[in-house]
Amino acid sequence: MTGRDVLVTGTGIVSSLGEGPEPHLVALAGPAQPRLETERFAPYAVHPAAAVEWGLQIPKKADQRQMEAWQKLGVYAAGLALDSAGLKDDPDTKSRMQLVVAAGGGERDDAVDCQILTGLRTAADPGAYLNERLTSDLRPTLFLAQLSNLLAGNIAIVHGVTGASRTFMGEEACGVDALRIAQARIAAGQAEIMLVGGSYNAERPDALLNFALSGLLWRSAFASVWDRPAAGGGLILGSGGAFLVLESAEHAARRGAAGLARLAPVRSMRSPRPDEAGADLTRLWRESGAAADALVLSGATGVSAQTSAEHAALAALAPDATVHAVGDLVGHTLEASAPLGAVLATALLADRQAGEVVVTSVGHRRGAGLVRLTGLP
Amino acid sequence: MAATSTVDHQGRPLVAVTGLGLVTSLGRGQAENWGALTAGRSGIHAVTRFPTDGLRTRIAGTVDFVAAEPFCAPALAERLAELAAEEAVEQAALGRPGDFPGALFMAVPPVEVEWTQRRALAEAVPPGGGGEVTYAELLSAAATGRFHDWHDLFSFGTVADRIADRFGTVGSPISLSTACSSGATAVQLGVEAIRRGEVEAALCIGTDGSVNPESLIRFSLLSALSTQNDPPDAAAKPFAKNRDGFVMGEGAAALVLESAAAARARGARILGYVLGCGERGDGFHRTRSSPDGAPIVAAIRGAIADAGLRSDDIDYVNAHGTGTPENDKMEALGLMTVLGERMREVPISSNKSMIGHTLTAAGAVEAVVSLLTIAHGRLPPTINYAVPDPAIPLDVVPNVARDHRVRHVLSNSFGFGGQNTCLLIGAEPA
């Protein structure tokens with residue numbers, strides 16, 4: 001199936017390094033100097049979100065209060081993307097714009113959880129106690145700050161992007177598939193302009209808990225994802241948000257918008273077996289027609305089997321390519337990781353530092369994806 | 001357009017339905033559910049799964065006849081989805097067992113570690129200073145490795161991955177949420193993929209097994225649930241003046257979608273067609289619709305236009321019909337705006353009056369019921385309709401099923417976060 005050209009016409013990013021393309025381009029150019037929070041969740045480190053002025057993208061305090069950190073990061077990055085695409089003050093286009101968000105769930109109220117667990121230790125009737133405490137202690141609005149689709153809902157409310165939204169869930173793979181299906185819909189003429197991305201808040205103990213259960217968190221001093229498998233492997237989570245405005249070339253031309261990069265059809269596989277991740281990535285690379293000298297932005301997590309497999313696959317596919325591990329710069333942003341890679345790829349292409357960038361995503365548990373972007377003349 | 005055409009009014013591949021699967025609190029399979037739905041029977045009952053002491057709402061349409069181990073929302077959601085998909089794939093007779101030649105689009109409920117697991121973690125380590133539980137302790141308990149499997153159990157992509165594995169679907173499975181319209185969005189994604197020519201078939205599933213203390217309390221705190229616990233089967237009262245909220249339900253539904261060309265080529269029995277999909281966001285409020293109903297109107301109009309039909313072609317509406325004061329009023333307003341005076345005569349009924357609101361699954365459940373409605377030429381009623389609401393002057397098929405030839409069903413789904421999705425399902429191509 002031949003499709004229409006799909007352009008990236010705007011990007012927004014916020015991470016531990018800051019906001020917008022510039023601090024990320026600086027980090028990509030130099031030796032990796034990650035900004036880590038090592039005390040708050042010891043023995044686990046996280047890449048904490050840089051401080052941002054929320055009001056710049058979320059003007060109403062009431063909206064800010066209705067959101068938890070993951071939603072604010074996403075809404076903020078979405079606003080930056082709309083700004084970058086020149087759409088912030090274009091209510092007509094935003095009202096037609098479709099939205100695909102890659103998201104998990106929101107944070108819990110840690111204090112409430114712990115108080116209830118403490119009480120349950122001695123409660124005579126644990127069931128009744130749980131009911132009573134949840135009913136009195138849960139903030140009614142917290143539910144809306146936790147629901148996966150409410151990042152999209154908040155983007156609609158704050159930015160007026162109301163074409164329609166869909167939220168994809170499912171860790172790293174959903175970020176790839178959000179880009180894949182958005183690209184395919186535009187290429188096939190099912191949509192003209194879309195906002196695609198995701199966000200993740202790593203600075204919360206319940207998120208760390210989920211990964212600690214399976215022993216997947218890195219516990220030692222910072223090391224590159226490529227060096228972690230030799231020491232047992234592990235990932236360091238990062239907070240961030242990343243969004244892209246994707247648009248048919250025709251639509252962009254009609255409104256006089258400059259493209260920053262072209263997004264090729266996105267490839268993904270279920271890839272359920274870690275020992276086959278390398279073969280799966282190789283297959284996706286070949287199907288995508290990626291050049292051997294493309295610049296690679298790897299989403300490698302640092303988890304042993306998959307990271308080693310990706311390292312070996314890339315060495316064979318693109319032995320001379322420059323490979324950056326995005327996780328070394330900003331940590332692992334889970335659902336947001338493929339969109340974040342695509343934003344950085346766009347920045348490199350728009351800055352003429354490369355003609356073709358391949359973003360890889362091999363999930364910590366499953367899912368392989370490849371996002372290929374090329375520069376525009 | 002003749003029933004032999006394989007493309008729609010826009011020249012896109014026509015999308016046929018060749019398999020259906022359904023499980024709700026009313027039973028397992030199309031036959032059990034259809035029998036109960038047309039008998040006007042309710043599947044809503046007192047919750048026995050957990051203690052309900054002190055709760056304002058103590059009823060739900062839980063599915064208690066399906067086991068899941070360890071018992072938690074994702075495990076039950078997976079098992080319900082598996083049952084529905086088995087029935088749908090068997091009816092479609094497409095592919096070989098474990099080798100479904102199409103993509104998987106799956107509406108799954110958000111998951112997180114539940115209280116049973118959280119308590120187990122808290123009890124796995126000795127209490128710290130003062131006996132206060134802290135997340136640091138929970139993290140230590142997690143680090144013992146004794147609860148290793150829970151990471152995957154409570155990961156968002158796991159349910160769909162396991163279903164993909166079980167049925168052998170093609171490609172990266174999609175797990176999605178558009179809140180209470182998720183099931184309809186799963187169908188819409190399947191329709192779009194077939195129209196793009198990317199796949200010839202899709203397995204579209206909506207599933208939900210989330211009735212647990214915290215999720216029930218969360219909805220209760222938003223004042224969304226009916227509190228009329230006694231008798232349970234009378235609590236869900238869509239469109240009635242005395243409606244006071246929805247009742248949570250559980251269930252799953254699966255649809256096998258195929259390009260009509262592929263279905264006809266293999267001689268498959270076509271059960272109906274998904275002719276059109278419409279959707280629209282709403283930036284008015286996190287839980288409330290725009291007061292003018294414009295997004296709902298746009299979604300309904302979008303589905304009709306996508307199908308290449310006119311509003312006059314709709315002869316039955318499978319309502320979102322949650323039974324909350326707000327939803328039913330806005331849904332009626334939206335329909336009256338699009339269909340005009342004629343809407344007073346177009347029958348509309350709410351399956352949720354009997355099975356409750358199956359949340360993530362609802363859009364898929366109701367799409368399946370819409371296809372059964374077409375197949376049987378009979379409208380399931382809206383039960384518990386005793387007090388008409390003058391503000392909703394509609395034929396809600398009150399209390400008793402009715403024979404009625406149906407060619408085109410509009411199935412509505414609306415959700416928190418401004419999600420509005422409508423499907424137009426037909427007996428024949430438009």
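Predicted model: local features only at pLDDT ≥ 70, side-chain atom pairs only at ≥ 80, totals over all residues.
## Where the two chains meet

Let's begin with the interface. Here 75 residues of chain A are in contact with 75 residues of chain B. Together the two chains bury about 6700 Å², and carbon and sulfur atoms account for 59% of that area. On the chain A side, the residues that lose the most area to chain B are R121(A), L213(A) and R270(A), which together make up 12% of what that side buries.

Polar links also cross the interface. There are 35 residue pairs in polar contact between chain A and chain B. On the side of chain A that touches chain B, 35 residues are nonpolar, 24 are polar and 16 are charged. The number of salt bridges across the interface is 14. One to look for joins the side chains of R108(A) and E214(B), with 2.8 Å from N to O.

## Strands that pair across the chains

Strand pairing links the two chains as well. Strand β4 of chain A, residues 164–169, runs antiparallel to strand β6 of chain B, residues 174–177, and three bridges connect them.

## A covered strand in chain A

Now turn to strand β6 of chain A, which spans residues 240–248. Is this strand mostly covered or mostly open? It is mostly covered, with nine of its nine residues buried. G240(A), A242(A), L244(A), L246(A) and S248(A) point one way, while G241(A), F243(A), V245(A) and E247(A) point the other way; residues of both sets are buried.

## A buried glutamate in chain B

Our last stop is E366(B), found in helix α13 of chain B, residues 362–376. Its relative accessible area is 0%, so E366(B) counts as buried.

What does the side chain of E366(B) make a polar contact with? The partner is the side chain of K352(B), at 2.9 Å. Beyond its neighbours within four places in sequence, E366(B) is in contact with N318(B), A319(B), H320(B), N351(B), K352(B), S411(B) and N412(B).

Terms used
Residues numbered from 1 in each chain as written. Chains lettered and ligands numbered in written order. Heavy atoms only, no water. Contact = heavy atoms within 4.5 Å. Buried area = accessible area lost by both parts, 1.4 Å probe. Salt bridge = Lys/Arg side-chain N within 4 Å of Asp/Glu carboxyl O. Polar contact = N/O pair within 3.5 Å; in protein donor to acceptor, adjacent residues only side chain to side chain. Nonpolar A, V, L, I, M, F, W, Y, C, P; charged D, E, K, R; others polar. Pairing = 2+ DSSP bridges. Helix = DSSP H or I, 4+ residues; strand = E, 2+ residues; numbered from the N terminus. Buried < 20%, exposed > 50% of the residue type's maximum accessible area, 1.4 Å probe, protein only.
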